[in-house]
Amino acid sequence: MKWFYIRWGGVLIIAAIIGVLGIQRYNRDVTAISPDRLLRDQPAQTVRVIGMVEAGSILKEEGAVLFQLSGEGAKIPVRYGGEESENLRDLKTVVVVGMWNPTTKTFDSGKIALVPNYGFVTAAYLISLLPMGFFLFNMERKVAMLYILIKEEKVYQPEQLTEESLESR
Amino acid sequence: MVASRLIAKLQRYEGWFGIAAGLLIMVGLYMGLVTSSPDYYQGEVVRIMYIHVPAAQSAMFAYTVLFGGSLWYLWKRDPVVDNMCHAAAGIGIFFTAIALVTGSIWAKPTWNTWWTWDPRLISFAIMLLILVGYLMLRTFLEDKEKEATYAAILAIVGFIDLPIIHFSVEWWRTLHQPLSISTRGVSIARDMLIPLLLMSIGFYLLFAYMLMVRTQMLYLQHLLEAKRGRMLSKVHL
């Protein structure tokens, strides 16, 4: 049983590492901040901002689209220079990826993404992988236990060698 | 017996099946969750596909194994094959349940409902009920021979549900999307297809590994029960 638990300990460690990497990736690439937080923190690097496209704010310029993005009581002007996107519509909640320009006080974006919905993805994977691991662990443990039981009860010994069977003959 | 020998031979490589399944699933998960692109309309939620589709395929494969094994059992009366069928049904229930639950989670953001009376969903739920019925039948009967025979007949009759599941999206207008990979071609982007294939092969190997472990478990359980029963009967005498 020692090797069995060592093996499953290894599996748990690998699962934990994958989990940590997944959370790190989620924080880096998937989570988005609100316009309110963008105005407060004014980060210098590329960020993802989630908000609703204000109705009637979309203005098309040459090579760019200007609109207002609102969320949590704040509003930011966005200059979008990426490919034309069907998702850029009035009252649509979107994620814009880009950088805050403190001189023009505009958020310069080159990419528009859909709201991640990652809660559903996480739920689906956890609900599948955790019971799968538990199911497999339980089965393997049972096999190992049965081998031990059979060994302890000497079930594997041929019957003709036991005293009882000799007497009965 | 041919089938028993084949099962025994395959069980020697049991560990390799487990390792290969683990590696393929890990790479598939990485590609599916990190490197593959999100869907244009569904966004990130499309990533549920990499667990839902392989689980559904493995569930149907488990039933196919159960069907083949049941035919073989009725023909040759091989108890090892019967054990394997019993194991396949248990694992089949597990994969069917995973496919139904993940499908339901996927349906909420895309169809705006957790469940709908769609032919694909209904036929799949019927498969779950047949498998549960199969296991219940096996626990009700005392006579092992009769138990195995009736269970095999139920599994063979229930197999009619499999083509219905497969072709339901073609025969009826359904909410469920049609086949992505068929004789008409592949209607899925390459960077989504590769992780999906890796996960599918990984799940098939995982099913094979689980089948070997569970068949072994059931065999050992029967062995122990039989020996204990024999010992107990001697004590009573």
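The model is predicted, so local features are taken at pLDDT of at least 70 and side-chain atom pairs at pLDDT 80 or more, while totals for chains, interfaces and linings use all residues. Residues are numbered from 1 along each chain as its sequence is written, chains are lettered from A and ligands numbered from 1 in the order in which they are written, and side-chain values use heavy atoms, with hydrogens and water left out.

## The contact between the chains

The size of an interface is often given as the accessible area lost when the parts come together. Here the area buried between chain A and chain B is about 3,600 Å², and carbon and sulfur atoms give 73% of that area. Buried area is the accessible area (1.4 Å probe) that two parts lose on being put together, summed over both. A:Phe120, A:Tyr125 and A:Met132 supply 17% of what chain A buries against chain B, more than any other three residues.

Chain A brings 34 residues to the contact and chain B brings 43 residues; contact means heavy atoms within 4.5 Å. Between the two chains there are 0 salt bridges, a salt bridge being a side-chain nitrogen of Lys or Arg within 4 Å of a carboxyl oxygen of Asp or Glu. There are 3 residue pairs in polar contact between chain A and chain B, with both residues at pLDDT 80 or more. A polar contact is a pair of N or O atoms within 3.5 Å; within protein, one must be able to donate a hydrogen and the other to accept it, and residues adjacent in sequence count only if both atoms are side-chain atoms.

On the side of chain A that touches chain B, helix 1 (2–30) and helix 3 (118–152) each supply at least two residues. Helix 3 of chain A gives the largest share, 21 residues. Helices (H or I, at least four residues) and strands (E, at least two) are DSSP runs, numbered from the N terminus. By class, this side of chain A has 23 nonpolar, 3 polar and 8 charged residues. Ala, Val, Leu, Ile, Met, Phe, Trp, Tyr, Cys and Pro count as nonpolar, Asp, Glu, Lys and Arg as charged, and the others, Gly among them, as polar.

## Aromatic pairs

Over all chains, the whole structure has 15 aromatic pairs. Rings of Phe, Tyr and Trp (its six-membered ring) pair if their centres lie within 6.5 Å; planes under 30 degrees apart count as stacked, over 60 as edge-to-face and the rest as tilted.

B:Tyr63 and B:Phe159 are stacked, because their ring centres are 6.4 Å apart and their planes stand at 25°. B:Tyr63 belongs to helix 3 (residues 49–76) of chain B and B:Phe159 to the loop between helix 6 (144–158) and helix 7 (161–171) of chain B, so the pair ties together parts 96 residues apart in sequence. B:Tyr63 is buried, at a relative accessible area of 1%, whereas B:Phe159 is partly exposed, at 21%. Buried means under 20% relative accessible area, exposed over 50%, and partly exposed in between (1.4 Å probe, protein chains only).

B:Phe95 and B:Phe203 form a tilted pair, 5.8 Å centre to centre with 55° between the planes. B:Phe95 lies in helix 4 (residues 79–111) of chain B and B:Phe203 in helix 8 (residues 190–236) of chain B, so this pair ties together parts 108 residues apart in sequence. Both B:Phe95 and B:Phe203 are buried. In chain A, ring pairs link A:Phe4, A:Tyr5, A:Trp8 and A:Phe137 into a cluster.

## Salt bridges

Side chains of opposite charge can pair when their charged atoms come close. The structure holds 10 salt bridges over all chains, including these:

| Salt bridge | N to O distance |
|---|---|
| A:Glu140 and A:Arg7 | 3.2 Å |
| A:Glu61 and A:Arg79 | 3.1 Å |
| B:Glu44 and B:Arg47 | 2.7 Å |

Both B:Glu44 and B:Arg47 are buried. Salt bridges that share partners also join B:Asp82, B:Arg138, B:Lys144 and B:Glu147 into one network. A:Glu140 is buried, with a relative accessible area of 8%, and A:Arg7 is partly exposed at 45%.

## B:His176

B:His176 sits in the loop between helix 7 and strand 1 (181–182) of chain B. B:His176 counts as buried, at 19% relative accessibility. Leaving aside neighbours within four places in sequence, B:His176 is in contact with B:His52, B:Trp111, B:Asp118, B:Arg120, B:Leu121 and B:Val169.
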